[in-house]
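Hi everyone, thanks for coming. Today I'd like to walk you through one structure, so please have a look at it with me.

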Amino acid sequence: MQIDGTATALDAIVASPFARLAKLLGGIEPGAKPIDLSLGEPRAMIPAFLGPILQERLGEFGRYPPIRGIPPLREAISGWVGRRYPSLKRQIDPERHVLPLTGSREGLFSAIFPALARKDVAGKPAVLIPNPFYQAYAAAAAASDTEAVYLPAGSETGFLPDLNAVDEGLLKRTAALYLCSPSNPQGAVAGLDYLAKAIELARRFDFLIFADECYSEIYSDTPPPGALEVAHASQGNFANVLAFNSLSKRSGLPGLRSGFIAGDPEFIAAFGRFRNVACPQMPLPIQHVSVAAWGDEAHVEQGRARYRENLDIADEVLGSRYGYRRPAGAFFLWLDMSRFGGGEAAAKTLWQDSGVKVLPGTYLARVEPDGSNPGKDHVRIALVSDAPTTREALTRIAVRLG
Ligand SMILES: Cc1ncc(COP(=O)(O)O)c(C=O)c1O
């Protein structure tokens, strides 16, 4: 992929959407006081109860942490999973089913290596990635020299990949399917039937589901279903299914770098061995803080209320313009800019005329073999600001684009 005239070999494999946005808008003066809606960084209040724990545990920065995490952390995570998905109460064994991650991103990246090692395939192994997608999936495929197969996830298929469209030959050489629900950028939620279908395929063709559920707690009314509860309902175990989650979105703590992977015990064991030599441990004070954060829902509900308020503003200000529909989960709007020359042109216009920074969808997507790009017409807008800023930004967009 040639990004620009000076793209390096690395850029050709993975390119940061934000670096591309900076380049697109470089040299353009914003037409009003800037409002940045491009980055999905929650800007919530830090829960006050975390400070004293950190203070009390400061001395533990002086020790190397265990890669598998301290038992109270694994217990806190398994307890949370059981409360969030009641059918999983006491089903998640902290010893066998859970590993802490320093945020879900490093896990989503590094899990590809043990995933490739567990399955022998004829030909080149493949990894299935929804298109558009979170860029770490592509980085994992590139770094592991795995064929990345991008599955279109546009409006025709409810913004999720059409799993019936993947042919058997490909499924046989598939090591893993990344499934993002609620999805970034479209805000789509995979229902129980969809998850059941994905899991059935994974078990039939012995690949892994990497269920990226880091937006699972960001929803308006109905908590999105999880891959682990569906895996367990169908077969009484977690074979072939791994869920990734973190405190970044749930607790508004992206800087803490605290997440987990949970599911298939054989894979968790293999990944634990791999991580022990290849991946970062979570600092002990952060582990203690994380125990408290997974144990509290009040601050999560406060965060959810803020996102709900922002979406109420979007309902009011945008109505049905630009293909707007209230997302079932996560905090992004995925707006159709085809009437305005596509996502890149619209991002430039909005920056230049209104000072609003949005992310062109094309930077989150890849060109399909037929030449189409499921992100080209869209922009992604992260509703992570406070309500007045959100109202101001969306109003500027509606005024400018009409
Ligand atoms: C879809 C998706 N997955 C994973 C992540 C990584 O989050 P973290 O590493 O903070 O858990 C993000 C962050 O923006 C994301 O949007």
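Let's start with a pair of strands: β9 and strand β12 (residues 378–382) run antiparallel and are joined by five bridges. Strands here are DSSP runs of E with at least two residues, helices are runs of H or I with at least four, and both are numbered from the N terminus. Two strands pair if DSSP finds at least two bridges between them. Before I go on, this is a predicted model: local features need pLDDT of at least 70, side-chain atom pairs count only at pLDDT 80 or more, and totals for chains, interfaces and linings use all residues. Residues are numbered from 1 along each chain as its sequence is written, and side-chain values use heavy atoms, with hydrogens and water left out.

Back to our strands. Within this pairing, Leu335 stands opposite Val379 in β12. The open sheet has three strands, in the order β9-β12-β11, with antiparallel pairing. Why is one side of β9 and of β11 left without a neighbour in the sheet? β9 (332–336) and β11 (359–360) stand at the edges, so each has a single partner strand.

Now to the aromatic rings. Rings of Phe, Tyr and Trp (its six-membered ring) pair if their centres lie within 6.5 Å; planes under 30 degrees apart count as stacked, over 60 as edge-to-face and the rest as tilted. By this rule, we get 18 aromatic pairs. One of them is stacked, because the rings of Phe113 and Phe274 have centres 5.7 Å apart and planes at 20°. Phe113 lies in helix α6 (residues 112–117) and Phe274 in helix α12 (residues 265–278), so this pair ties together parts 161 residues apart in sequence.

Phe113, at 27%, is partly exposed, and Phe274 is partly exposed at 25%.

Next, Phe260 and Trp294 form an edge-to-face pair, 5.2 Å centre to centre with 65° between the planes. Phe260 is in strand β8 (residues 259–263) and Trp294 in helix α13 (residues 284–294), so parts 34 residues apart in sequence are tied together. Phe260 is buried at 2%, and Trp294 is buried at 0%.

Finally, one aromatic cluster includes Tyr134, Phe267 and Phe271. Arg275 lies over the face of Phe271, 5.2 Å from the ring centre; that label needs NZ of Lys or CZ of Arg within 6 Å of the ring centre and within 35 degrees of the ring normal.

Terms used. Buried means under 20% relative accessible area, exposed over 50%, partly exposed in between (1.4 Å probe, protein chains only).
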